[in-house]
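This briefing gathers selected features of the structure shown below, grouped by topic. Please read the points alongside the sequence and the 3D view.

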Amino acid sequence: MSFGEKVAMVHGAGGGAAGNYVGNIPANARLGIPSLNLNDGPAGVRLTDSSTTAFPAPVTLAATWDTALARQYGSQMGAQARGKGVEVLLGPMMNIARAYQAGRNFEGGSEDPELAGAISAAEINGIQSQRVIATAKHFVCNDQEILRNTISSDVDERTRQEIYYVPFLASVRAGAGAVMASYNRVNSRYACESEALNATLKKLWGFNGFVMSDWGAGFSTVGGMNNGMDMDMYSGYFPSNSITNAIRLGNVPASELDGMVNRILTTMFQFGLFDNPPIGNLTSTVTNPANNQFARSVAAEGTVLLKNSGGLLPLGSSVHSIAVIGSVASVSPISTGGGSASVNLPYNITPLAGITGRAGGGATVSYAQGDGSSLSQALQLATNSDVAIVCVGQQTSEGSDRSSLSLPAGQDTLVSAVAAANPHTVVVLYSSSATLMPWASQVAAVLVAWYPGQENGNALAQVLFGDVNPSAKLPVTFPASANQVPTSTTAQFPGVSGHVSYSEQLLVGYRWYDANNMSPLFPFGCGLSYTTFGYSNLTVSAVSPSGQVQIGFDLTNTGNLTGAEVPQLYLGFPAAAGEPPKLLKGFQRISLSSGQTQHATFNLDWQDLANWDATARGWIVTPGQFQVLVGSSSRDIRLTGSFTVSSPIPPSDLANVALHQPVTVSSTLSTNTPGSAAVDGDPTSAWTSLAADPQWIAVDLGVTRDLSRVRLCWNTNYASSYAIQISPDGTNWTAIFNTNNDVGGIEDILVSGRGRYVRIYGTVQGSSGNGYSLLELEVYSQPQRPFGGAINNLPGQIQAEAYDTGGQGVAYYDDTPGNLGGVFRSDDVDLEPTTDAGGGYDVGWIDPGEWLEYTVNVPDPSAIYSIKARVASTAAGQMRVRLDGTVLGTVQIPNTGGWQIWQTVTLTNVSIAGGCGARALRLEMLAGGFNVNWIEFDRVQICGTNNIGLK
Ligand code: BGC
C-alpha cells in the first residue's frame, strides 16, 4: 500500500461527502478494498428518509432486562443496516445514566454497569450476526451534553474501572469490531488521545478491532496516532500532510500508521467484507411487517408498571368510557429521541390512536389536550369517564441536557387536576430517564413508556388492556425529590470551570440511595406485573479455589395470569473491599404460567467478587463474608444468604509478563507462524504447530514469578486436551492446569504456582489433523508494587539510590547471591557510594540477564526523549531500556577505564508511545558489567499539533 493509500484508510468523510451515510471511507479500486459506510445508530438505522424501522429507544430495551430480546434488536437493526449498504453501525451506546438530566440517556439508559454491559453485549452479538461491525460508544465518561466538546470528566481510576469501563469491557468480550472515542476529556486529557485507548482497551482487554473518533472529536494528529486512535472521523486531524509531518519529524513512528491500517483491514476481513460485501444501497427495501411487530413487542415489554392501586389495570370489560388527555397523547406524541440517535418514523401510532383502536366497540374513547383553554374540557371528560389516561413527557436530544428533572409546561398541574377529577387516573410517562412525579400518590396507576418508537400507541394499548402482561423493570432509580439525587451539586452536574467532578465515585444510581439510607420514589430494578411471584429455596455453594460460586432458588408464579419476572442478584461485599452496600451481579427474565415453578441459577466467577485495588492497579478479591441478596428489585429483596472467601483468590494484573519474552516450541508449521507470534501482543499473528501430537510452546519469563492467570487466545485450531505446566529451569515440568474438553476461543484461566517457564502442552487437537494455533499466550503474575518512596517523574533524573525495592522478581532481578566487590543490601543488590564527590550512589551489575525496575510517571507519552546514563565500566557492555515491556532502545556502554571512572552515554530520539501514568521502567543488563549512577530522561520535543520546542 502506498503512503497515500494508507492515509485514505484512516481518515473518513462525513456530511455530504459521505453520500447520505453519516461517514464513509472510500473504496480502493487498485487494491480491491471495498468502501466502508458508517451509520447511526443505536435506535434504528438513521437515514434521511423514513425507510427503516424506528425501534423503541435503547432505554426502553434496557427496561426489558431481556438479553435475548436485545440480541434480536441488534440482529434486526443489523440486517436493516446491511440491507442499506452499511458496514459499520454506530451503536450501541453504553454511557452510564449518571445524571438523569443528560440529554442522551435514552440512547443507553442504565445507571448500572452490569445491566448496561449485558444489554450492549447481547445487542452487539445480534448486530454482528448480520456481518455488520458494531461500535461500542462513546469511550468514555461522556455522560452529559453541556460543554461536551471540552468538558473534563474528572473520575478516579477505581470508579472508571468499576463503573464506566464495565460496559465497554463487556462489549470487547462480546467481540465488538469497533469502539468510538468520545468528545469529552477525562481527567483533562481528550478521550480521543487518552492513554486508556492503548493501555486499557487494547493492551489490558485485548481489543483487536479499531478505534474511531466521534464526529469531529479528534484534536491532534500526534496525540491521536500515538495513543491508539485508528480512524479519524470527520475532524481533519489525520490528513496526509499532518501524518507525513508527524512521521517525518519522528513524532509518530511510521509503524503506527501501518498498525492503524492493519486493524481496520483485519476487522474488515474478519467480517467477510472483502468476500461478501453488502449488496444493498440506500434505495433498497429493508423493512418488513415482522420488524413492525418486533418494534411493538419491545415497546410493550419495555413499558414499566410502577403503580397499580386496586388492580385498576388491566382495563377490563367494566370500563365503558376512557378519557385520553395530554398533548403527548395525540398532537405531539413522543416516540423517539433527537440527535444522531433519531430515526425518521415511517409511521407514528399515537397513544390516542392505539387506545381507540384497541378499545374498539367496547368503550368510548374521548380526547382533550388539557393545556391552556382545553383544561376544563379535559377535567370534564375525566369526571365523566370510567378511567382517565394522562400522557405526559419530554423529548430530549443529543446536544443539550434537561434543565430540571420536572416535567415541563405545566404537565404536573394537569396530572394533579385530572387525578382530583377522577380517582381512576392512569399516568403514562414518556421520558428519557428518571423524572419527578410529585403527583405519584394522587393517581391510581403509573406507567413509564420511555421513547417507544413507531408502535408507541399500539404497544401502550397492549399493556393497558392486558394483552401483554408488564414485566419491565426500571434501569434507573426515580428519586423522590431533586435534591435526593447522587449528582446534586453543581460541581457534579453540569460542572464548574470546565470540569465535572465524579465525586460520588462508586455511589452511582441505587448505590447512592443505599449508602445514604434514602428512600427513592421508585427504586432501581422495580416494576410490577398483573401477576405475582414467590421466591424460595435459596442455595449458595461454597467458593471454589478459583472463585466460582453457584446460587440457586425457585421462582413461582403465585398469581392467576401468565407473566414474566426479572429476579435480580445483588452482592454485599466484605467491608474491607470498600464497596457500596450492594451491587447488581446478575439477572434473568423468566416467564411462567400461573402456578408454575422454575428453578433458576446464577453462576458467579472471581471477577464478580473482585474490586479494583488502586495500589496494585488490578482486580483483587477481598477475603471475608459476601451477602447474597436475591429479589424483585434493589429494594425488594426476597431471599438472603452468604458465602465466605477465606483463602485469597489470585488477583489479575495489569502486566502480561510473557509479552516479548523468549519462546521455544516443539514445531512450527511455517516461518510465518513462529513461536514468538504468540507473545508479540498482536492477536492477528499466531504460532501454529505441525499436526502430530504432542505439541508445545514454552515461554521464559526471565525470572521466577508467582503466577495468577494464563490467558490463551486460540486460533481456529485449538487444543481440546492440554496442560499448563510450569518449571523453574525449563526442564522439570509440573502441570498446574489440565483440561480434556476444551472448545478454544479466549480462555482466561486462574492458576497458582511459582515458576520461570510456562508451557502449554497440547495432546488432543480440537480439529484433528490441523495441529495447534495460538494467537496469544499471556501470563499474568502478582501485580508489581513500588516498595516505597516517591514515583520518579519523567522527564527527570533517576538516581541509583531511588530504585524500588522488594522481593526478587518484583522490582529487580539479581540472581547471584552476594556478588563480590560491591556493597550489598540484604537483597543482594549492589548499591554502593560512588567515590567522586557528590556522586551519591551507584548500582553495580555484572551478570547479563539481571535487571532493575523503577516505577515512573510519564506525563506526556507523545513527547520525544533522549535518555542519558552515567556509567562506569572496565569492559564494554550493553544496557537495554524497556517501558512496560516495550523496548525503548539499547545503550552501548564503553570501557570507561575503571569502576569509578564515569562517562555519560546517550540514547537519542526515543518515543514513548502508549500511555501516561505509572509505568514500569526496566534497565536490563545485556552484556558486559558496569555501574550506573543515574539515568536521565530529557524531553527534546513537545508534541502537540505543531509545536516543537527545545527543552
Ligand atoms: C454523535 C455520535 C454519532 C455521530 C455520527 C456524533 O455527534 O456523538 O454518537 O455516531 O455523531 O452521527
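A residue counts as buried under 20% relative accessible area, as exposed over 50%, and as partly exposed in between. The model described here is predicted.

**Ligand site**

- The ligand is surrounded by 14 residues, of which Asp40, Arg104, His138, Asp214 and Glu398 are the closest.
- Sorted by class, the shell around the ligand comprises 7 charged, 5 nonpolar and 2 polar residues.
- In aspartate 40, a polar side-chain atom is found 2.4 Å from an oxygen atom of the ligand.
- The side chain of glutamate 398 places an N or O atom 2.6 Å from an oxygen atom of the ligand.
- For arginine 104, the separation between a side-chain N or O atom and an oxygen atom of the ligand is 2.7 Å.
- On its own, the ligand has 310 Å² of accessible area, and the protein covers 93% of this.

**Open sheet β19-β20-β25**

- An open sheet is formed by 3 strands in the order β19-β20-β25, with antiparallel pairing.
- β19 (533-540) and β25 (597-604) are the edge strands; each has a single partner strand, so one side of each lacks a neighbour in the sheet.
- From one strand to the next, the twist averages 20 degrees.
- Strand β20 (residues 549-557) is paired with β25 over 8 bridges in the antiparallel sense.
- Opposite isoleucine 551 stands phenylalanine 602, which belongs to β25.
- In general, the strands of a sheet pair through backbone hydrogen bonds, in either a parallel or an antiparallel manner.

**Strand β5 and its pairing**

- Strand β5 (residues 133-139) is largely enclosed by the rest of the structure, because 7 of its 7 residues are buried.
- Strand β4 (residues 88-89) pairs with β5 in the parallel sense over 2 bridges.
- Valine 88 has isoleucine 133 in β5 as its bridge partner.
- His138, listed among the closest residues to the ligand, falls within the range 133-139 of strand β5.

**Threonine 734**

- Strand β34 (residues 734-739) contains threonine 734.
- Is threonine 734 buried, partly exposed or exposed? Its relative accessibility is 47%, so threonine 734 counts as partly exposed.
- Threonine 734 and glycine 753 are 19 residues apart along the chain, and their C-alpha atoms are separated by 9.3 Å.

How values were computed. Residues numbered from 1 in each chain as written. Predicted model: local features only at pLDDT ≥ 70, side-chain atom pairs only at ≥ 80, totals over all residues. Heavy atoms only, no water. Near = heavy atom within 4 Å. Polar contact = N/O pair within 3.5 Å; in protein donor to acceptor, adjacent residues only side chain to side chain. Areas by Shrake-Rupley, 256 points an atom, 1.4 Å probe, with all protein chains shown as cover. Nonpolar A, V, L, I, M, F, W, Y, C, P; charged D, E, K, R; others polar. Pairing = 2+ DSSP bridges. Helix = DSSP H or I, 4+ residues; strand = E, 2+ residues; numbered from the N terminus. Axes fitted to C-alpha atoms, helices over the stretch in contact; angles between N-to-C directions. Buried < 20%, exposed > 50% of the residue type's maximum accessible area, 1.4 Å probe, protein only.
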